[in-house]
Amino acid sequence: MIKIPKEQSHTIAQRLQFAMQVRGYNQNQLAERIFVTRTTINGYCNGYRTPNCDLLRRIAIELNITTDYLLGLKDYIIL
């Protein structure tokens, strides 16, 4: 289990970036695997956009994390 650092615990964007780092994904890799553009993932990572429910689910499945984590309801990622 990896607990997210406090300074990265406030937004979906920060949590997504942390999860991608822990799982070893870059924006291109995640985009290809969930069938969106890199620009879309970049928008999520920078907080310009927020994923809809379907994309939130697809991101969680691909990164093997929970939607609760992305939404800030849990503060850890299980390895």
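With which side chain does the side chain of Gln27 make a polar contact? The partner is the side chain of Arg38, at 3.3 Å, and the views below start from there. The model shown is predicted, with local features needing pLDDT of at least 70 and side-chain atom pairs counting only at pLDDT 80 or more, while totals for chains, interfaces and linings use all residues. Residues are numbered from 1 along each chain as its sequence is written, and side-chain values use heavy atoms, leaving out hydrogens and water.

**View 1. Gln27 and its polar partners.** Gln27 lies in helix α2; helices here are DSSP runs of H or I with at least four residues, numbered from the N terminus. Besides the pair with Arg38 at 3.3 Å, a polar contact of 3.4 Å joins the side chains of Gln27 and Asn42. (A polar contact is a pair of N or O atoms within 3.5 Å; within protein, one must be able to donate a hydrogen and the other to accept it, and residues adjacent in sequence count only if both atoms are side-chain atoms.) Leaving aside residues up to four places away in sequence, Gln27 touches Met20, Arg38, Ile41, Asn42 and Cys45, where contact means heavy atoms within 4.5 Å. For a sense of scale, 21 Å separates the C-alpha atoms of Gln27 and Ile2, which are 25 residues apart along the chain.

**View 2. Helix α2 from start to end.** At the start of α2, a side-chain oxygen of Asn26 comes to within 3.0 Å of the backbone nitrogen of Asn28. Which residues of helix α2 (residues 27-34) are buried? They are Leu30, Ala31 and Ile34. These residues sit on the same side of α2 because they cover an arc of only 100° around the axis; the arc is that of the directions from the helix axis to the C-beta atoms. Buried means under 20% relative accessible area, exposed over 50%, and partly exposed in between, with a 1.4 Å probe and protein chains only. The buried residues of α2 pack against α1, α3 and α4. Just after α2, Phe35 takes a positive phi of about 65°, although Phe35 is not a glycine. Phe35 belongs to the loop between α2 and α3 and is exposed, at 71% relative accessible area.

**View 3. Where α1 meets α3.** Two packed helices are described by the angle between their axes and the distance between the axes. Helix α1 (residues 12-23) and helix α3 (residues 38-45) pack at an angle of about 115°, and their axes are 7 Å apart. Axes are lines fitted to C-alpha atoms, for helices over the stretch in contact, and angles run from 0 to 180 degrees between N-to-C directions. On the α1 side, the contact is made by Ala13, Leu16, Gln17 and Met20, and on the α3 side by Ile41, Tyr44 and Cys45. Sorted by class, this contact has six nonpolar residues, one polar residue and no charged residues. (Ala, Val, Leu, Ile, Met, Phe, Trp, Tyr, Cys and Pro count as nonpolar, Asp, Glu, Lys and Arg as charged, and the others, Gly among them, as polar.)

View 4. The side chain of Arg15 makes a polar contact of 2.7 Å with the side chain of Asp75.

**View 5. The largest nonpolar core.** This core has 21 residues, and those with the most contacts inside it are Leu16, Met20, Leu30, Ile41, Leu63, Ile65 and Leu70. (A nonpolar core is a set of buried Ala, Val, Leu, Ile, Met, Phe, Trp, Tyr and Cys residues joined through side-chain atoms within 4.5 Å.) Two or more residues come from each of α1, α2, α3, α4 and α5, and α4 gives the most, with five. Not counting residues up to four places away in sequence, Leu16 touches Leu30, Tyr44, Cys45, Ile59, Leu63 and Leu70.

**View 6. The two sides of α4.** In α4, the buried residues are Leu55, Leu56, Ile59, Ala60 and Leu63. Their arc of only 140° around the axis puts them on the same side of α4, whereas Cys53 and Ile61 are exposed on the other side. What covers the buried residues includes α1, α2, α3 and α5. At the start of α4, a side-chain oxygen of Asn52 reaches to within 3.1 Å of the backbone nitrogen of Asp54. Just after α4, Asn64 takes a positive phi of about 55°. Asn64 is placed in the loop between α4 and α5 and is exposed, with a relative accessible area of 56%.
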